[in-house]
Amino acid sequence: MPVVAPCHNNNLLKEAGSIPYAAVTSRPDIAFAISRLVRFNNNPSPQHYKAADQVLHYLHNIRNLALQLGGTDDYVVASDTSFANNSLDRKGSQAYAIKLFGGLVSWRANKQDTVTTSTTEAGILALAQAVKESLFVSRLLAELTVRLDDYHIKIQCDNKQTIRLVTAEVATLQTRLRHVGIHNHWLRQELLTRRSWWNIHPRLRLWRMG
């Protein structure tokens, strides 16, 4: 990859550095693109400048669109993962989105910290991240004394094998990655102790997270 002059590098830092604000506050649809783009801030190429411009053009074209808040009285969490989609180090990407009262209130798309060897391992890491965030939001709602008509948290995952490993009475994960096994046991423990108010099931409708 060619080295870019420092002045040009600073220009990308300014351009790319302003976009994450939109991704965090009101544009979950660019979260994944931004998570990929900011990895090359130290040594961007012309392709990265072009990608940053494409994101800005996209934001300009959808400037009249906004998140819709308010609606059904439910609490839904969607987890998604892309296995080994980074061509440089073969780490996967993961994302989650949380809908409360019919509107998106929290989301994130990021690169996984370690290389996984199967879609199931990648799915477990992504699901653990989503469940942890959903538990945090639940505690926040409790502190704010917000009560839902349906107190169950619906956690959606598109990997059936991951769901089976977490929900089956007897299931063994074959992995050499210790942290993946730990996350799997933690998910099973949380489901067992909190089965009365949250459940995991396949996603019926795909949420596009970037």
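Author: Buried means under 20% relative accessible area, exposed over 50%, and partly exposed in between, with a 1.4 Å probe and protein chains only. This is a predicted model, where local features need pLDDT of at least 70, side-chain atom pairs count only at pLDDT 80 or more, and totals for chains, interfaces and linings use all residues. Residues are numbered from 1 along each chain as its sequence is written, and side-chain values use heavy atoms, with hydrogens and water left out.

Reader: Where does Ile30 lie?

Author: Ile30 is in the loop between α1 (6–25) and α2 (31–37). Helices (H or I, at least four residues) and strands (E, at least two) are DSSP runs, numbered from the N terminus.

Reader: With which residues is Ile30 in contact, leaving aside its neighbours within four places in sequence?

Author: Contact means heavy atoms within 4.5 Å. With those neighbours left aside, Ile30 is in contact with Ile19, Ala22, Ala23, Val55, Tyr58 and Leu59.

Reader: What is a nonpolar core, and how many residues has the largest one?

Author: In soluble globular proteins, nonpolar side chains tend to be buried together. A nonpolar core is a set of buried Ala, Val, Leu, Ile, Met, Phe, Trp, Tyr and Cys residues joined through side-chain atoms within 4.5 Å. Here the largest has 27 residues, and Tyr75, Val77, Leu127, Ile155, Leu187 and Ile200 have the most contacts inside it. The largest share of this core, nine residues, comes from α4. Another core, of seven residues, lies apart from it and includes Ala22, Ala23, Ile30 and Leu59.

Reader: How much space lies in the second largest pocket?

Author: Rolling a probe the size of a water molecule over the atoms shows where empty space is left. The second largest pocket holds about 280 Å³ of space. Ten residues line this pocket, and Ser138, Val146, Arg147, Leu148 and Tyr151 are the closest to its centre. On a 1 Å grid over the protein atoms alone, a pocket is an open set of points where a 1.4 Å probe fits, with protein on both sides within 12 Å along at least five of seven lines; lining residues have an atom within 4 Å of a point. Grid points are joined across faces, edges and corners, and the volume is the space filled by probe spheres set on them.
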